[in-house]
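Please examine the sequence and the structure before reading on.

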Amino acid sequence: MAQLHAASPYSSTNLAFHAPKRVIQAVLAGDKEKDAPVKLKKVVLAYSGGLDTSVIVPWLRENYGCEVVCFTADVGQGIKELDGLEEKAKASGACQLVVKDLKEEFVKDYIFPCLRAGAIYERKYLLGTSMARPVIAKVEYDRTFSTFSHSIVEHELSLHAMVDVASEVGADAVSHGCTGKGNDQVRFELTFFALNPELYVVAPWREWDIQGREDAIEYAKKHNVPVPVTKKSIYSRDRNLWHLSHEGDILEDPANEPEKDMYMMTADPEYAPDKPEYVEIGIVSGLPVSVNGKELSPVSLLSQLNEIGGKHGIGRVDMVENRLVGMKSRGVYETPGGTILSLAARELESLTLDREAMQFKDICALKYAELVYAGRWFDPLRKSMDAFMEEITATTTGSVTLKLYKGSVTVTGRKSPYSLYRQDISSFESGQIYDQADAAGFIRLYGLPTRVRAMLEKDNGSA
């Protein structure tokens, strides 16, 4: 039995022996179809102030007879997004708006670990939205939440915060505005399951009769809810400190080129400065700490690189990605600071990691990115992989200099006190450590399988 008590709190064994029956019953109840309306007292909604979350407030009150607490996580989406949010939430029928400043936590505890791991989804995506969801959900538990769309790691952070908020206000349910076609519904709900399986989850887009934006606008007008949009098609955007994403409108056809005025964080590379700019990134144990020799806090560092990179049109990515639910979707991402940091970290590792370590880290990075993209931030596997990433990058300390010019970022120099590169060995000039004559024996042994195969094919051909 001692072994059972030592088991991970997330293991099925631990749940079976130690979880209260009501927790298991709550989970099972959530797996069933909602045949009859559930009576809820208070729901925490992930709230952005946009059309979807604005109409969810009166819909929750009307269909569940509950109080609605709106929750917003400040993960760097900008002052304009937060201005007038409390008035808007209360005008929609919410009893309270809770705003949490999660910027430092978002960058330090979510973005930087992904950066250190080299997590990139499907060759291009730097996981902007995926990272923010977990932190939002966690705070919500201390308050319970609704619909909030940010970057992947942003998701995890925000959801963590949301769960915290649910606890604080005594909510018995959380709600989100994710559609039944997207990835965010999975990220939100997996995080809720991991942090507090007793919370009831309301997903309006899987329940109500509203079919699209026009229906939502009509519903808002009927319930006197102020909305900031018209029926004209617009882009669906999601912004935080790490990136800005664009979806919808003409982007739904992958053959269409994005319109020039769509971009907001980055200058058009064609009209970026004609003079290149050099920037030096200081890194300690795989994590960025300084820009041009000046040490900065995580938020200040990323904000400064966003400004510098954006000015030069750095970090635009147009991609078609595979969603969790099986379909493909097209998105355009602007990640100026993240693009600079990602390249700097990889280049420094070229000095500090040997071949086997680098190749295995790259393999792990693919799985790490997949877990984050899928909303499994709190999985034991991701946590264990994080411990590996921290250990393997312990000596990844030094600096990288990059050249920014009209949308391109190029490494011009890298140095580290732990560099495995030795000029006296690598030089084409004669050296005392490396004797070129030794290569002959190595080649004969290394090429032995090739020689044996060739001999076999020759013998078979002559038979």
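The model is predicted: local features need pLDDT of at least 70, side-chain atom pairs count only at pLDDT 80 or more, and totals for chains, interfaces and linings use all residues. Residues are numbered from 1 along each chain as its sequence is written, and side-chain values use heavy atoms, with hydrogens and water left out.

**Helix H16**
- Helices are DSSP runs of H or I with at least four residues, numbered from the N terminus.
- Arg-382, Met-385, Asp-386 and Met-389 of H16 are buried, which means under 20% relative accessible area.
- These residues lie on the same side of H16, because they cover an arc of only 110° around the axis, taken from the directions from the helix axis to the C-beta atoms.
- The cover over the buried residues of H16 includes helix H7 (103-117) and helix H15 (355-373), where contact means heavy atoms within 4.5 Å.

**Salt bridges**
- A salt bridge places a side-chain nitrogen of Lys or Arg within 4 Å of a carboxyl oxygen of Asp or Glu, and by this rule the count is 19.
- Lys-260 forms a salt bridge with Asp-268 (3.2 Å, N to O) and another with Glu-270 (3.7 Å, N to O).
- Asp-268 is buried, with a relative accessible area of 16%, whereas Lys-260 is exposed at 55%.
- Asp-74, Asp-101 and Lys-103 are linked in a network of salt bridges; within this network, the closest N and O atoms of Lys-103 and Asp-101 are 3.0 Å apart.

Technical notes: Buried < 20%, exposed > 50% of the residue type's maximum accessible area, 1.4 Å probe, protein only. Helix = DSSP H or I, 4+ residues; strand = E, 2+ residues; numbered from the N terminus.
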